[in-house]
Amino acid sequence: MRVAVTGSSGLIGSALLRELASAGHDVRRLVRRRPGAPDEVQWDPAAHSIPADALDGVDAVVHLAGVGIADHRLTEDHKRAVLDSRIDGTTTIADAVARTDPLPVLLSASAVGWYGDSGARVVDESAPAGSGFLAQVCESWEGATSVARQAGARVLLLRSGLVLARKGGMLERMRPLFRAGLSGRLGSGKQYWPWISLADEVGAMRFLIESATDVAGPVNLAGPTPVTNAEFTATLGRILHRPTTLPVPRFALRAVLGEFADEGVLAGQRAVPTVLLGAGYEYAHDTLDAALRWAID
Ligand SMILES: NC(=O)c1ccc[n+]([C@@H]2O[C@H](COP(=O)([O-])OP(=O)(O)OC[C@H]3O[C@@H](n4cnc5c(N)ncnc54)[C@H](OP(=O)(O)O)[C@@H]3O)[C@@H](O)[C@H]2O)c1
């Protein structure tokens, strides 16, 4: 198959390129810089600009591009950049999908933040959108795919959990804190963190393209056993051989992370992957312990 990928230089995108190549698929990278290889096509999401033939001959499009949400404090400027980059990019890709004949399948990134802070309530793909900035971003981001769906394309909305990777992502930010002994639960520790290993994140995307061809709409990309932050902390501490007895209080997190503390780490979702399990996906890492040991190996 031929698969076009946006945001391919990022954490998930670069792993997806390896996953697709290992399965023998052809990849076309949509890049924002000047193309440097025959498989690259330049697009400019901020200007809604993409070549008319960018998706010709493409079976699937995986759209991952967007400003990193946790890269900066959630100032008004950063919030605007996070939202605009997602709406502009997704609208541009959805329009291009809708114009392409035959229609490719569109897998468009979103996040479990869609559900807001859902406490201990189990949320699957049928749960309604939550409230807060991140939930609003996800709702607008997913809504920006509607042109492709209205044109008849199969559209999947990938509501990813916290991606656990060997290099990069949240885990890389947490590891130095743990090594320095700043490794207690965050706030009450009762908030659920829906984790997924990077191997399963991209493995599930490949599965949805290759095998689960009747699946459309939202798909929670999260491991089958979400855990509370307290359980996450204890498991990571055990694997890194670090104590996790000193909790990090809310005010300290807010001082360091600003508003992202409230919505990003002190809030949570007990998100379960009902659609993925129903479609028959088999996880490489189906427990947090397995995912962390793989990532930290
Ligand atoms: N990592 C996670 O735990 C996680 C969890 C839930 C959801 N997600 C979502 O999944 C997607 C991919 O995540 P990731 O962790 O791979 O992100 P990432 O490492 O930050 O990569 C995102 C990519 O988006 C492109 N990009 C950066 N700034 C942009 C801008 N202003 N406009 C358009 N594109 C821009 C870049 O690719 P190019 O330079 O190649 O264009 C960048 O490599 C993101 O939308 C993210 O919000 C991630």
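Visitor: Which residues does Glu 19 touch, not counting residues up to four places away in sequence?
Guide: Those are Val 202, Gly 203 and Arg 206. Contact here means heavy atoms within 4.5 Å. Before we go on, this is a predicted model, where local features need pLDDT of at least 70, side-chain atom pairs count only at pLDDT 80 or more, and totals for chains, interfaces and linings use all residues. Residues are numbered from 1 along each chain as its sequence is written, and side-chain values use heavy atoms, with hydrogens and water left out.

Visitor: What makes the link between the side chains of Glu 19 and Arg 206 a polar contact?
Guide: The distance is 3.0 Å. A polar contact is a pair of N or O atoms within 3.5 Å; within protein, one must be able to donate a hydrogen and the other to accept it, and residues adjacent in sequence count only if both atoms are side-chain atoms.

Visitor: Is Glu 19 called buried or exposed?
Guide: Buried, because its relative accessibility is 19% and buried means under 20% relative accessible area (exposed is over 50%, partly exposed in between, with a 1.4 Å probe and protein chains only). Glu 19 lies in helix H1. Helices (H or I, at least four residues) and strands (E, at least two) are DSSP runs, numbered from the N terminus.

Visitor: Why is Ser 197 called buried?
Guide: Its relative accessibility is 0%, so it falls under the 20% cut-off. You'll find Ser 197 in strand S10 (residues 195–197). Leaving out residues up to four places away in sequence, it touches Leu 164, His 285, Ala 291 and Trp 294. Ser 197 and Asp 286 are 89 residues apart along the chain, with 8.9 Å between their C-alpha atoms.

Visitor: What makes Gly 184 buried?
Guide: A relative accessible area of 5% does, because that is under 20%. Gly 184 sits in the loop between helix H5 (169–179) and strand S9 (192–193). Beyond the residues up to four places away in sequence, it touches Thr 233, Thr 244, Leu 246, Pro 247 and Val 248. Gly 184 and Thr 244 are 60 residues apart in sequence, yet 4.4 Å apart in space, C-alpha to C-alpha.

Visitor: And how do you know that Thr 233 counts as buried?
Guide: Its relative accessibility is 3%, so it also passes the under 20% test. Thr 233 belongs to helix H7 (residues 229–240). Neighbours within four places in sequence aside, its contacts are Phe 178, Ser 183, Gly 184, Arg 185 and Thr 244.

Visitor: Why do you say that S5 and S7 pair?
Guide: Two strands pair if DSSP finds at least two bridges between them. S5 and S7 have six bridges, in the parallel sense, so they qualify. Ser 108 stands opposite Leu 157 in S7. S7 also pairs in the parallel sense with strand S11 (residues 217–221), over five bridges, and there Arg 159 stands opposite Asn 220.

Visitor: How are the two faces of S7 described, covered or open?
Guide: Both are covered: Val 155, Leu 157 and Arg 159 on one side and Leu 156, Leu 158 and Ser 160 on the other are all buried.

Visitor: Which strands pair with S4?
Guide: Strand S1 (residues 2–6) pairs with S4 in the parallel sense over four bridges, and S4 and S5 pair in the parallel sense over four bridges. In S4, Val 62 has Val 5 opposite, while His 63 stands opposite Ser 108 in S5.

Visitor: Which residues are closest to the ligand?
Guide: Ser 9, Leu 11, Ile 12, Arg 32 and Arg 86, out of 21 residues that surround it. A residue is near a molecule or strand if one of its heavy atoms lies within 4 Å of it. S5 gives the most to this shell, with three residues.

Visitor: How far is a polar side-chain atom of Arg 86 from an oxygen atom of the ligand?
Guide: That distance is 2.9 Å. For a backbone N or O atom of Val 163, the distance to an oxygen atom of the ligand is 3.0 Å, and for one of Gly 66 it is 3.1 Å.
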